[in-house]
Amino acid sequence: MNDLALPFPELVDRCYAAISDLLPAVECPLAHCFTPGPPASGFHLYCRSLSIPAGSLVVSEKHETEHPYTLSQGNVIVRSVDGIYHLNAPFNGVTQPGTERIVFAVTDAVWTTQHIVPDTLTDPEEIRRYLCAPTRHQPRLQTPATPLFNP
């Protein structure tokens, strides 16, 4: 069976397993930013920016919430349940609940997500658990020697 014809969650699992076994991890720095929400709302805005080196492959977690995202630098190839698409910065989009992605950074890229979260949540790891489904795997950032799929 052609791997791209697999149900997408199975494709994500296979991709994750393959890169975990075959490719070295790569450093993708994270930056976190908080801004206050409306007074007495009980919420604030959390922004999470991931810097992805060119040639790296990122397997995301499964998102539980609808939220905006921004590709502010670079260009990437994305495989999702919707298919394969190429994004060039600047680009803004909306992540739907249940979204998982496999992202290949063609150039150095910066991908930022924006989330409304309870103002009691200030630890990025705790916020990640709040926003993402219980994982089948940990998000993995890899640098392949050759592209894992053709766009």
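The accessible surface of the protein comes to about 8,100 Å², and 58% of that surface belongs to carbon and sulfur atoms. Accessible areas come from the Shrake-Rupley method with a 1.4 Å probe, and for residues only the protein chains shown count as cover. The model is predicted: local features need pLDDT of at least 70, side-chain atom pairs count only at pLDDT 80 or more, and totals for chains, interfaces and linings use all residues. Residues are numbered from 1 along each chain as its sequence is written, and side-chain values use heavy atoms, with hydrogens and water left out.

**Overall make-up**

The protein has two helices and ten strands. Helices (H or I, at least four residues) and strands (E, at least two) are DSSP runs, numbered from the N terminus. The order of the elements from the N terminus is α-β-β-β-β-β-β-β-β-β-α-β. Of the 151 residues, 43% are buried; buried means under 20% relative accessible area, exposed over 50%, and partly exposed in between (1.4 Å probe, protein chains only). Among contacts (heavy atoms within 4.5 Å) with a separation of 6 or more, 75% are between residues 24 or more positions apart.

**Strand pairing**

Two strands pair if DSSP finds at least two bridges between them.

| Strand pair | Sense | Bridges |
|---|---|---|
| Strand 1 and strand 2 | antiparallel | seven bridges |
| Strand 2 and strand 9 | antiparallel | ten bridges |
| Strand 4 and strand 7 | antiparallel | five bridges |
| Strand 4 and strand 9 | antiparallel | four bridges |

Individual partners can be located within these pairs. T70 stands opposite N92 in strand 7, while L71 has W111 in strand 9 as its bridge partner.

**Nonpolar cores**

A nonpolar core is a set of buried Ala, Val, Leu, Ile, Met, Phe, Trp, Tyr and Cys residues joined through side-chain atoms within 4.5 Å. The largest one has 13 residues, of which I52, L71, V76, V78, L87, V103 and W111 touch the most other members. Two or more residues of this core come from each of strand 2 (43–52), strand 4 (67–73), strand 5 (75–80), strand 8 (102–105) and strand 9 (109–118). Another core, of eight residues, lies apart from it and includes L11, V12, C15 and I102. In soluble globular proteins, nonpolar side chains tend to be buried together.

Leaving aside residues up to four places away in sequence, V76 touches L71, Y85, H86, L87, V103, F104, A105, V106, A109 and W111.

**Local features**

Strand 1 and strand 2 form a hairpin with six residues between them. A40 lies in the loop between strand 1 (30–36) and strand 2. Phi of A40 is near 60°, a positive value in a residue other than glycine. A40 counts as exposed because its relative accessibility is 86%.

A cis peptide bond, with omega about -5°, joins A89 and P90. P90 is placed in the loop between strand 6 (83–88) and strand 7.

Y130 is found in helix 2 (residues 124–131) and counts as partly exposed because its relative accessibility is 42%.
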